[in-house]
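Try each task before you read its solution.

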Amino acid sequence: MHKPYIQRQRADWWLRNPAYRRYMLREATALPLFLYTLLLMSGLFQFTRGEAAFLQWLEMLRSPWLLALHGLALAAALFHAVTWIALVPKILVIDTDRLRVSPAAVKLAHQVGAVVCNAGLLLLAVLLLRAAAGN
Amino acid sequence: MTETVTVRVQRYRPEEDTAPWEQSFEVPYSEDLSILDALNQIKDQQDPTLSHRWSCRMAICGSCGVMVNNEPKLSCKTFLRDYREQAAVTVRALDNFPIERDLVSDISGFIDHLETVQPWLIRSEEQPVSAGAYPQTPEQMQRYAAFSQCINCGLCYAACPQFGRDPAFLGPGALALAQRYNLDSRDEGAAQRMQWLNAGEGVWSCTFVGYCSEVCPKDVDPAAAINRGKVASDINYAVNLLNILRGKDDA
Ligand code: SF4
Ligand code: FES
């Protein structure tokens, strides 16, 4: 007799195994970043409405909730970046007869790149702030 | 008195049952008892109607895959001693596959996917046998060696929520096998296999959960294989786009 039992994926599959929970946590890092993007866009919108509106928006950023969102978004971005860079050497394998780059070097290049980009942004922000204060 | 362990085994008898259920057995414990030994003990001494698959008893044939406490495992390579802390050990048929009977899964969907990716050496021009073997250096072999260790056990498919959601997804084992041939210096079939990598059921259905690589008993690392396939698929896309822009595409 052939009557196979078809197993259906449960809606809560991602809660049932620590590996799936880790995966979902990583996927969930998109949520605070999404909220952060909305916040930035609302700032841009207030900017188009004039100085008073923008200053009010800046003032609003001081609320503890929004400070917490900033902290959360930063933590999420860092977590995502660190776990991503850890995986890169497995995926970006440069190993041909002509060219060979060790996995450690691939990882280091990504780490250096991330640090340089972030430090560059920070430097740019500081320079802009200085220029604004000088005016 | 000999110490015993409670093993809860999933049963499904298509003649009588509409859904799987669980049956408890007491198995005499010993340090070197594998889950497979426990299942054989049950079948030989307690209930001859229990159905489960096995052959080699040494992690080579790939036929003894089951869920042990909700993790995909080879029952011959998993030992009761590692579950001493837990009150009981639960053994179920592999997730994501139809259950034929008790612990026996129908993994034909996976086997079909293996064939889809044309897992053999493809040559643009076949050389005659008299010409001898296609030579390969040890370095060239090393590039695909890990991906060639697969024993078709299907554990990675039981671990893959994307395959669970959509059985048409070619899945970790088959896509790792495609990569195994694409990386082989003797093979010239990467362009032919690209259609399977690029397909909706190909590498882009993978969201890099990564659990397949954790459960693989042969350290094949199918997640890495699939995601290297994404890089190859990207490059293929860019090259095609460039050719179209230069008016060189005849597709
Ligand atoms: S890749 Fe690993 S887990 Fe998947 S079928 Fe092959 S040996 Fe089994
Ligand atoms: S019995 Fe062959 S792999 Fe377990």
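**Exercise 1. Find how far apart the domain centres of chain A are.**

Solution. The centres of domain 1 and domain 2 of chain A, taken over C-alpha atoms, are separated by 22 Å. To locate the two parts, take residues 12-83 for domain 1 and 92-135 for domain 2 of chain A; such bounds come from an automatic or database domain assignment.

Before going on, please note that this is a predicted model, in which local features need pLDDT of at least 70, side-chain atom pairs count only at pLDDT 80 or more, and totals for chains, interfaces and linings use all residues. Residues are numbered from 1 along each chain as its sequence is written, chains are lettered from A and ligands numbered from 1 in the order in which they are written, and side-chain values use heavy atoms, with hydrogens and water left out.

**Exercise 2. Describe how domain 1 and domain 2 of chain B are placed.**

Solution. Begin with the bounds: domain 1 of chain B covers 4-105, and domain 2 covers 108-250. Next, take the centres over C-alpha atoms, which gives a separation of 32 Å. Finally, look at the contact (heavy atoms within 4.5 Å): 17 residues of domain 1 of chain B touch 16 residues of domain 2.

**Exercise 3. Work out how H6(B) and H7(B) are oriented to each other.**

Solution. Pick out H6 (residues 171-182) and H7 (residues 190-198) of chain B; helices are DSSP runs of H or I with at least four residues, strands are E runs of at least two, and both are numbered from the N terminus. Their axes come within 10 Å and cross at roughly 160°. Axes here are lines fitted to C-alpha atoms, for helices over the stretch in contact, with angles from 0 to 180 degrees between N-to-C directions. H6(B) and H7(B) are therefore roughly antiparallel (an angle over 145 degrees). On the H6(B) side, B:Leu175, B:Ala178, B:Gln179, B:Tyr181 and B:Asn182 meet B:Ala190, B:Arg193 and B:Leu197 of H7(B). By class, this contact has five nonpolar, two polar and one charged residues. Nonpolar means Ala, Val, Leu, Ile, Met, Phe, Trp, Tyr, Cys and Pro, charged means Asp, Glu, Lys and Arg, and the others, Gly among them, are polar.

**Exercise 4. Locate B:Asn96 and B:Phe208, and give the phi of each.**

Solution. B:Asn96 sits in the loop between strands S5 (89-92) and S6 (99-101) of chain B. Its phi is positive, about 70°, although B:Asn96 is not a glycine. B:Phe208 belongs to the loop between H7 and helix H8 (211-215) of chain B, and has a positive phi of about 55°, again without being a glycine.

Note on methods:
Parallel < 35°, antiparallel > 145°, perpendicular 65-115°, else oblique.
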